[in-house]
Amino acid sequence: HKNILHGGITALLFDETMGWMAGAARMRDANLLHIMTDPTQKLNANAMQEIGKAVGFTAFLHVNYRRPVGLKAPEGGGVCVLSVTDDKIKSKGRKLFLKAKLTNHDQSIHYADSEALYISPRK
């Protein structure tokens, strides 16, 4: 449809954002978050390998489309915001469950929400 964001792009945004959040949560739990946040850390091959182990894979992604996302400036101006908060991340062994939502800049318009399961690789 003209001037409406394709739903597959919305799903991609959720998957990519929650995937990075899952990786950051795993790195935090493994006390490795400093690798990405400390500018004095050098990203050597071993550090990159640890990051890769932490991120894992998308096992499940469900998107509820609540309202079309326009390609022009959202109603009320501003930009769309995709948010994942720490209280929406639940961990169980290698499984990490996340929830996120896509809104306009002041959260008065709810475009979509998503639930996902990410699984870390076996060691």
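**View 1. Asn3, in the segment before α1.** At 34% relative accessibility, Asn3 counts as partly exposed, a class that runs between buried (under 20% relative accessible area) and exposed (over 50%), with a 1.4 Å probe and protein chains only. Its phi is positive, about 65 degrees, although Asn3 is not a glycine. A word on the source: this is a predicted model, in which local features need pLDDT of at least 70 and side-chain atom pairs count only at pLDDT 80 or more, while totals for chains, interfaces and linings use all residues. Residues are numbered from 1 along each chain as its sequence is written, and side-chain values use heavy atoms, with hydrogens and water left out.

**View 2. The protein as a whole, for orientation.** Three helices and five strands make up the secondary structure; here helices (H or I, at least four residues) and strands (E, at least two) are DSSP runs, numbered from the N terminus. Along the sequence the pattern reads α-α-α-β-β-β-β-β. Of the 123 residues in the protein, 30% are buried.

**View 3. A nonpolar surface patch made by Ile9, Leu12 and Leu13.** The patch comes to about 260 Å², with accessible areas taken from the Shrake-Rupley method with a 1.4 Å probe, and only the protein chains shown counting as cover for residues. Patches are made of residues with over 30% relative accessible area and no salt bridge, joining like charges within 9 Å and nonpolar side chains (Val, Leu, Ile, Met, Phe, Trp, Tyr) within 5 Å. Take a look at Leu12, found in helix α1 (residues 7-29): Leu12 is exposed because its relative accessible area is 52%.

**View 4. A positive surface patch formed by Lys88, Lys90, Lys99 and Lys101.** Lys and Arg count as positive and Asp and Glu as negative, with His and the chain ends not counted. The place of a charge is taken as NZ of Lys, CZ of Arg, CG of Asp or CD of Glu. One of the four, Lys101, sits in strand β4 (residues 95-104). With 32% relative accessibility, Lys101 counts as partly exposed.

**View 5. The salt bridge between Arg66 and Asp113.** The count comes to one salt bridge, defined as a side-chain nitrogen of Lys or Arg within 4 Å of a carboxyl oxygen of Asp or Glu. In this pair the closest N and O atoms are 2.7 Å apart. Distant parts of the chain are linked here, 47 residues apart: Arg66 lies in the loop between β1 (57-65) and β2 (80-83), and Asp113 in strand β5. Asp113 counts as buried, at 13% relative accessibility.

**View 6. Ser114 and its contact with His62.** Ser114 belongs to strand β5 (residues 110-119) and is buried, its relative accessible area being 2%. From there, the Ser114 side chain reaches the backbone oxygen of His62 at 2.9 Å.

**View 7. Gln107, in the loop between β4 and β5.** Here is a residue other than glycine with a positive phi, near 65 degrees. Gln107 is partly exposed, with a relative accessible area of 47%. Cys80 and Gln107 are 27 residues apart in sequence, and their C-alpha atoms are 8.8 Å apart in space.

Technical notes: A polar contact is a pair of N or O atoms within 3.5 Å; within protein, one must be able to donate a hydrogen and the other to accept it, and residues adjacent in sequence count only if both atoms are side-chain atoms.
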